[in-house]
There are 2 protein chains.
Amino acid sequence: MDTNLIIGLAAASLTTFAFLPQSIRAIRTKHTKDLSLPTLIMLEIGIVIWIIYGYLITDIPLLAANIISFVFMTVTLGLKLKYG
Amino acid sequence: MDTNLIIGLAAASLTTFAFLPQSIRAIRTKHTKDLSLPTLIMLEIGIVIWIIYGYLITDIPLLAANIISFVFMTVTLGLKLKYG
């Protein structure tokens with residue numbers, strides 16, 4: 001693999017899996033008051049549009065990263081809507 | 001502009017500016033307890049690597065989006081480190 005690809009994969013992995021600890025924290029604490037609802041909604045809609053874009057341009061890494069992000073983000077947004 | 005480009009720009013704008021309301025909320029409330037520190041650190045490092053990647057492959061939209069995200073993320077991470 002060339003250096004650029006490794007760097008790109010590192011960046012994508014970090015920003016994709018970054019949302020996992022936030023989901024876990026919200027599940028554990030049942031507390032989401034400090035999370036911004038507009039932020040979560042914008043991220044959720046943005047991720048869905050990234051998935052559509054990834055599909056349209058047939059970019060598998062982009063699709064995969066955003067489908068994973070979508071799962072974590074949906075959990076966090078769902079808990080925010082539940083706990084406020 | 002073709003449809004794919006418009007969809008890509010919409011996705012990039014949403015996921016970039018999504019972090020602004022979170023910064024504003026943290027500044028206003030001085031409360032960041034529910035934010036996951038690992039999430040913020042992974043996003044901050046991931047964004048820096050995206051900037052390096054954008055520079056290496058000379059991708060101006062990727063660079064621009066991540067430099068903007070970096071500002072919002074640094075504010076939020078700084079406030080998380082301050083308020084806990």
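**View 1. Polar contacts between chain A and chain B.** Across the interface of chain A and chain B, 15 residue pairs, both at pLDDT 80 or more, are in polar contact (a pair of N or O atoms within 3.5 Å, one able to donate a hydrogen and the other to accept it; residues adjacent in sequence count only if both atoms are side-chain atoms). Zero salt bridges are found there (a side-chain nitrogen of Lys or Arg within 4 Å of a carboxyl oxygen of Asp or Glu). The model is predicted, with local features needing pLDDT of at least 70 and side-chain atom pairs pLDDT 80 or more, while totals for chains, interfaces and linings use all residues. Residues are numbered from 1 along each chain, chains are lettered from A, and side-chain values use heavy atoms, without hydrogens and water.

**View 2. The area buried between chain A and chain B.** About 3000 Å² is buried, 70% of it from carbon and sulfur atoms (accessible area, 1.4 Å probe, lost on putting the two parts together, summed over both). A:L14, A:D34 and A:M42 supply 21% of the area that chain A buries against chain B, more than any other three residues.

**View 3. The largest cavity.** About 170 Å³ lies in this cavity (points on a 1 Å grid over the protein atoms alone where a 1.4 Å probe fits but cannot get out; lining residues have an atom within 4 Å of a point; points are joined across faces, edges and corners, and the volume is the space filled by probe spheres set on them). Of 16 lining residues, A:F19, A:Q22, A:T39, B:Q22 and B:T39 are closest to its centre.

Notes
1 Å grid on protein atoms, 1.4 Å probe; cavity = no way out; pocket = protein on both sides within 12 Å on 5 of 7 lines; lining within 4 Å.
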